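Here is a short note to read alongside the model. Please keep the structure open as you go through the points.

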Amino acid sequence: MGTIKLQNINKSFGKTEVLNNLNLEIEDGEFLTLVGPSGCGKSTLLRIIAGLEQQTSGDVFIDDRNVNKTRASERDLAMVFQSYALYPHLTVRRNLETPLRLRDYSSLERFPILGNLLPNKKNKTKKIKELVQKTSETLKITELLDRKPGQLSGGQRQRAALGRAMVREPVAFLMDEPLSNLDAALRVHMRSELSELHANLKTTFIYVTHDQAEALTMSTRMAVMIDGKLLQLDTPQQVYDNPSSLAVAQFVGSPKINTIKGSANSEGIVKFLNLELQRKSSVKDSNILIGIRPEHLEISKEDSNDSIEGVVSYRENLGSDMFFHIQIAGDNEKLIARGTPQLTSSINIGSKVFVKRLRGEALLFDHNGSRIKFTSDN
Amino acid sequence: MKNNQYIGEGWKHAILIIGALIVLLPFYMVVSISLKSQQEIQSISGGLIGAQEVQTFPVCTKMGMSDETCTMKPYVYNYWFAFKKAPIARYLLNGLFVTVSIFLIQVLIALPCAYALSKLRFYGREFIFSMVLFCLLIPVHAIALPLYVMLAKIGLVDTYAALIIPWTISVFGIFLMRQFFMTVPDELIDAARMDGMGEYSIVWKVMLPTAIPALLAFAIFSVVAHWNDYFWPRIVITGNRDLFTPPLGIREFRGGVDSDEFGPMMASIVTITVPLVVAFIIAQKRFIEGITMTGMK
Amino acid sequence: MHYSKAHIWFVGPAVLLMFIILIFPILLAGGISFTNYNLGNPSFDWIGLENYEKMFSRKTYIKMIWATATYVLIVVPFSVVIGLCAAMLLNSLRFGADIYKTIFFLPVMATLLAMAIAWEFTLHPTMGIVNSFLANGCGGIREFLFGFHWLPWVNSNESWYHIACENNNDFPFWLKDRGYAIWTVCFIGVWQAFGFNMVLYLAGLTSIPRELYHAAEMDGAKSTWEQFKLVTWPMLGPTTLFVITITTIRSFQVFDTIEVLTKGGPSKSTYVMMYAIFEKGIQQNLTAIAAAITVVFIMFVILLTFFQRYVIEKRVHY
């Protein structure tokens, strides 16, 4: 079982409050990502789960057991650090063996030479060596076992750190931005490897990252944290399609979601720029923000009703996609819209374009950033 | 868990305080004895500063001064008599003169050499650097005897020159400065050359300013080591009391250990040791940083 | 890189001085050691290895080697270990670390000669605070503690403390007693040296990445001892090597304490090599034999440093 429950977690460092009344339930076997901008408290939360930090108030439960007073080494969790934290003076093999030796050998058996005389030690050693061999095969680092961390590349070190976590077969894996120190191509490759590993091991993974792309691609659920608060806990698709607040919507998805100022009248009819939405807002008589993702906007060189006129100020060419930054005519606002490669050859900086939106994809937010539902939503 | 932490802290402080008491014991003794009268010293009474009864001191009257002059409180007597018996101020000045001269000459010799070894290319550079590395293994005190013989042969024993000359070459200084200079970007020096600076100016106008932190550390290291040096001055100053460095001054006072003037002796020790200790306490962060930095390099 | 002739002037003085002041004297000492030269005599004879034979056969010189070895083998381990423990204690304190650091570093700064005399007084048989402290404690808790009465096998009527109390407070003459002198001198040496090692270790400790300790905790290293074995000690490898090298060389060169407190005695129990060179070469003007001792001394130091720097160094850096 690998369920973890956090109740009313508060954490302050002196006067600075880092975590604010956080509640989170992590299910067994899921890949949960704690994602958010730098400084939002996600690493702190991870360390609180690990037991390396004490929360100021609140409870941590592992498998329904309150572990507030249990120290990190006894919580049966394994952690992969951002800097890998491999023991530089030990070979990779010894690095992997360390958690097992500390756990399985009694202190007498660990005594340098005389410990080897104790009867059980031979069996235990055999088991440990087998486990290490098996793990290194899974991670494909068997040729590296006799090297020291200083002789390994970044990706190899990362695998060794993973191996050290895996040998213990812990209740859950905690990962603190493990991919941030790798170069871009390796990062993308490791994402899929980690997902595969998770599928094979079926153990709970708690993963911290500031990269929303990683969160979207790898997690079964993601927890979006901003400024020490948990804003949304949902599957990646839900977080993307149905963000609970403007902050979440702006954080997830690249390029950032377009936000346009508009208003809703007394009947809930939403107007912005020169357009009107078909669905009605549930909040009436106020200013609202309308959010539309770039891929939900169509660009064309011809005018039509319902389209917004503008001038292209910038083009982002990503190879497979082209994003246009469009300055709206007669307004200060800018839109980013995705265009198909075929279309893009004729549209350049300075071209006049007309942007049309796909229906049914707009999101509404009030001036505080909370999500407003449409009256047709449940 | 919090309570345990406080108890743990308590034990640590207990051990450290006992250690601190042992470490400070001789300092306490020196200060205390320098304030007390002879009888109190020999009978170990009077606590830290003694009863301070005014009395007439026999050794003083023996030296021919009137009873009146020789009657005062012990702590005044000790320090007054110490200064009267030996030219302590002279010793301190000697110490200052010698350590400063040594340091300045060391810098004069080491800095250009370090610059050349790190930034100039010339035939024999590697060989000379190996020479430096080899000389690092030779402690100067170890070759005191042959140096003394050499100085005696050219008649320089009992001079300031003898005190200073053997220390003018500081291979440690060369090594330290070279390591430091290696981190200075070549472009800085090239820019200076483009501006028309000769190599000589570059050393003193460009390299010196960038090396101030390392130089400071080296200065502390050098001054402390040579102020406290007893071995070499002991060998090389054989008769001329005017050349005594502070440690020699202390030693001289102790000459008659079975004489009955412990108070003034301790007073002289306090006076001679105080400058360095006070400097240290004021600037202790710098001192410790300096020693550590020179150590790590 | 720049080709220039200026280097001659820059490097010249240094090279000249290195040769004259550092390298030539070694050769000179070597040369003299094979003669019976005395400073001041116009002539001398070559006597080959006679001086060296004397060194390794006469009792005085055997004691010299013994005294030097004892001093080094006591002072180095103790001052390194105490320095390390002090550094670790200070590193884990919440407040007050700076005060202790200053106090413990004071002996390193103060003139050793002055402090040696201070210790002489502290340890003085009749005027010293240590012996009076012990004497006042006869029959009380001090006798219990320092006489080791708390150890099960010690008979409280036969312990050294009790016997001393009985015999008119006959506590040891710390510096004048042949059995105690060398240990006392070692004690002063450790007292003076550990602060320096402590400071170096403090610097080393702060450079250990904290995440290693976290990793160790997650791996199950619970006690301070386990974390020390797994993280602290290995990561302090380079520092330890440096500390041992420096302390060893300094211990070999001990002189001040001996010259002012014991003069090599009693009965040559503290007759260390530097003092022997001084006594024989400077005071007794037996230049040749002093030169021989110098040569042996230099060889010891160079070999030791060489060994520590180049042989062990590789193993200690990761």
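1. Start with strand β3 (residues 31–35) of chain A. Four bridges join β3(A) to β9(A), and the two strands run parallel. One pair to look up is A:L34, whose bridge partner in β9(A) is A:A223. Keep in mind that this is a predicted model.

2. Is strand β9 of chain A mostly covered or mostly open? Mostly covered: β9(A) spans residues 221–226, and five of its six residues are buried.

3. β9(A) also pairs with strand β10 (residues 229–234) of chain A. Here the sense is antiparallel, over five bridges. A:I226 stands opposite A:K229 in β10(A). The hairpin of β9(A) and β10(A) has two residues between the strands. In this hairpin, A:D227 takes a positive phi near 55°.

4. Now step back to the domains of chain A. The domain assignment gives domain 1 (4–243) and domain 2 (255–372). Their C-alpha centres lie 41 Å apart.

5. Next, the contact of chain C with chain A. Chain C gives 14 residues and chain A gives 18 residues. On the side of chain C, two elements give two or more residues: α10 (210–219) and α11 (224–235). The largest share, seven residues, comes from α10(C). By type, the side of chain C that touches chain A has eight nonpolar, two polar and four charged residues.

6. Last, chain B. Its secondary structure comes to 16 helices and three strands. Of its 297 residues, 44% are buried. Take the contacts in chain B between residues at least 6 apart in sequence: 73% join residues at least 24 apart.

Technical notes
Residues numbered from 1 in each chain as written. Chains lettered and ligands numbered in written order. Predicted model: local features only at pLDDT ≥ 70, side-chain atom pairs only at ≥ 80, totals over all residues. Contact = placed C-beta atoms within 7 Å. Nonpolar A, V, L, I, M, F, W, Y, C, P; charged D, E, K, R; others polar. Buried ≥ 20, exposed ≤ 12 C-beta atoms within 10 Å, placed from the backbone. Domains from an automatic or database assignment. Pairing = 2+ DSSP bridges.
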